[in-house]
Amino acid sequence: MRDGVELATDVYRPLGYTGKLASILIRTKYGKAAYRLPEPTRPVAMMFAAQGYAVVVQELRGLFDSGGHFALLEHDAKDGYDTLSWIASQPWSTGRVGTYGCSALGITQVLTAQLCHPAHRCAIIEGAGGTLSGDRQRLGDLRLCGSRLGGALELSMWVPHFHQSHGKDRSRPQAKADEEYQRAFATLPIIDILKIIGSPPTDWEDWVSRDPGDPWFDRFGFLREDSAIDLPALFVNSWYDVGAADALYTRRLFSARGTSAAARDHQHIILSPATHCKTATLEAPTVIGERELGDARLDCWQIYLDWFDGWLKEMPDRIEAMPRVRYYVMGRNEWRAASEWPPAGVELQRWFLRSGGNSNTRLGDGALELNPPAEDEPADSFVYDPGNPVPFLGVHGGNSRGTTMGPRDYQEVELRQDVLCFTSDLLEEGVEVSGFVKAVLFVSSSAPDTDFVARLLDVHPDGRAVDVVDGILRVRFREGFDRSVLMEPGNVYQVQVDLDATSNWFPPGHRIRLEISSSSFPRFDRNLNTGGNNWDETKWEVAHNSVHHCEEFPSYVLLPIAAA
């Protein structure tokens with residue numbers, strides 16, 4: 001690297017090759033040894049090398065055999081740039097390099113892309129939600145490497161991640177059993193969790209003790225509205241992964257900020273029904289969590305090879321017919337192609353929250369209707385006790401590092417008094433929701449700060465309530481992530497909860513349901529309702545929270561409805 005630090009790197013080349021080779025770069029924080037193994041463990045490097053590429057697999061600074069000191073994301077962009085320069089200077093290199101990888105391996109690609117290295121000709125960026133810094137005034141647009149959503153900490157994902165992968169002293173602790181992680185998630189104060197479970201020194205304390213809009217995060221080079229991009233990219237994400245909306249926003253920014261025609265015109269995306277980094281390994285029948293979704297298999301390896309051949313071997317015919325957007329409609333269980341997102345013909349509809357003031361539990365009187373409230377309706381209220389939070393069902397720790405396990409049936413959770421349920425009538429005709437989903441709520445609280453969680457569900461004829469997409473907002477950030485504005489008890493505030501993106505068909509005979517609560521634990525940390533730091537507190541307050549829906553305060557969920 002430019003400062004003399006050496007990074008441990010393996011190079012794979014095809015046997016018997018002659019001449020120069022285009023290259024594919026994979027930069028990983030999980031170790032390069034696994035790439036030396038044959039199928040099915042990690043066939044990527046050997047597979048691409050067998051197709052006529054030099055494949056370069058590198059361990060990030062300060063990890064495994066690489067020199068220097070590890071600091072999460074701080075060196076990723078510059079080290080990526082220097083590695084591209086090294087590859088381009090090798091006698092076996094054509095000087096044309098593509099990058100590849102999922103999750104953290106995708107995030108490092110986005111950071112490097114903004115430096116516009118001339119050898120960096122294309123990228124395949126998978127599962128990389130959390131690369132946006134962007135406009136801090138727009139809610140739902142700031143994940144900070146997947147660590148925050150709506151201002152809340154993604155607790156169940158980041159405790160295992162930091163414990164297993166982010167040690168500054170090169171130690172690589174074994175994953176804890178799920179029960180141990182569950183106990184860790186419940187630990188207060190949050191800032192001490194890693195110490196209590198015996199993790200090595202990490203940057204955990206810095207990451208969790210700052211508001212999401214803190215300028216401290218600017219050091220990492222997250223994607224901004226004014227970034228420059230000169231890179232065609234194929235994004236790959238999933239409806240049950242973290243950050244499908246992030247991938248769509250990132251694709252939009254790559255195109256909008258493109259400095260060349262190739263960058264502006266060739267930002268493609270695949271959106272599957274998979275969980276984290278599983279798009280290329282979907283099987284038939286496709287079962288995600290507790291949901292059967294037909295046959296969603298896609299020949300990803302051929303698509304990826306075509307992409308690299310098109311940009312690195314100057315074979316444009318390989319990508320001429322590639323759709324800009326390829327997405328899977330869950331429920332209809334079919335792949336579709338589109339030129340934009342949301343797809344053409346989508347209409348935004350307001351589905352209003354209605355009740356007689358008793359929408360608590362799925363047995364209550366909460367309704368979801370196209371007709372707005374014509375007169376005053378009583379608000380729906382519930383008690384949020386951080387000592388007894390509403391559970392999120394689709395998450396675990398262990399070797400998955402806390403990523404989601406896919407959809408679950410929330411029937412039992414919906415019997416809790418602190419879960420409001422607003423349910424449509426039986427659908428006489430099917431409804432396809434394809435686009436970005438958001439809930440616009442008028443809320444009040446006895447607390448100076450609290451959270452509101454919104455979840456969209458598909459209610460089956462047998463009563464199963466299967467989650468489709470969800471989101472959260474820490475109310476103090478309702479005016480932007482760069483400011484913290486507490487509430488006055490009893491005052492009514494308008495808040496927007498972004499529920500990510502989806503494509504889901506609700507068939508005839510099903511119902512659409514919106515859940516509202518104030519916790520989704522342990523996916524997100526519990527708001528302790530005090531208005532304090534939350535990360536250094538051990539005591540909490542019980543909040544009395546209300547959702548208003550009347551002529552003056554018409555709460556609704558905004559659904560992108562596709563044309564029949």
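Start by selecting helix H8, residues 244-256. Ala-244, Ala-245, Asp-246, Ala-247, Leu-248, Tyr-249, Thr-250, Arg-251, Leu-253 and Phe-254 in this helix are buried; buried means under 20% relative accessible area, exposed over 50%, and partly exposed in between, with a 1.4 Å probe and protein chains only. That makes 10 of the 13 residues of H8 buried, so the helix is largely enclosed by the rest of the structure. Helix and strand labels are DSSP runs numbered from the N terminus, with helices (H or I) of at least four residues and strands (E) of at least two.

Next, check the length of H8. The expected span of a helix is 1.5 Å times one less than its number of residues. For the 13 residues of H8 this gives 18 Å, and the end C-alpha atoms are 18 Å apart, which agrees.

The model is predicted: local features need pLDDT of at least 70, side-chain atom pairs count only at pLDDT 80 or more, and totals for chains, interfaces and linings use all residues. Residues are numbered from 1 along each chain as its sequence is written, and side-chain values use heavy atoms, with hydrogens and water left out.

Now select Cys-102 and Cys-277. A disulfide joins them, with an S to S distance of 1.9 Å; the criterion is a pair of cysteine sulfur atoms within 2.5 Å. A search of the whole structure finds one disulfide. The pair links distant parts of the chain, 175 residues apart: Cys-102 is in strand S4 (residues 93-102), and Cys-277 is in the loop between strand S9 (267-272) and strand S10 (287-288). The torsion about the S-S bond is about -90 degrees, so the disulfide is left-handed.

Which of the two partners is buried? Cys-102 counts as buried, at 12% relative accessibility, while Cys-277 is partly exposed, with a relative accessible area of 28%. Cys-277 also has a positive phi, near 60 degrees, in a residue other than glycine.

Stay in the loop between S9 and S10 and select Pro-285. The peptide bond from Ala-284 to Pro-285 is cis, with omega near -5 degrees. For another cis bond, go to Phe-521 and Pro-522, where omega is near 10 degrees. Pro-522 sits in the loop between strand S22 (511-517) and strand S23 (543-548).

Two further cysteines can be selected. Cys-421 is buried, at a relative accessible area of 2%, and Cys-550 counts as buried at 8%.

Move to Phe-64, in the loop between strand S3 (54-59) and H2. Phi of Phe-64 is near 55 degrees, a positive value in a residue other than glycine. Phe-64 is partly exposed, with a relative accessible area of 31%.

Finish with helix H2 (residues 76-88) and helix H3 (residues 104-113), whose axes come within 8 Å and cross at roughly 80 degrees. Axes are lines fitted to C-alpha atoms, for helices over the stretch in contact, and angles run from 0 to 180 degrees between N-to-C directions. H2 is therefore roughly perpendicular to H3; angles under 35 degrees count as roughly parallel, over 145 as roughly antiparallel, 65 to 115 as roughly perpendicular and the rest as oblique.

To show the contact (heavy atoms within 4.5 Å), select Asp-76, Ala-77, Gly-80, Tyr-81 and Leu-84 in H2 with Thr-108, Leu-111 and Thr-112 in H3. By class, the contact has four nonpolar, three polar and one charged residues. Ala, Val, Leu, Ile, Met, Phe, Trp, Tyr, Cys and Pro count as nonpolar, Asp, Glu, Lys and Arg as charged, and the others, Gly among them, as polar.
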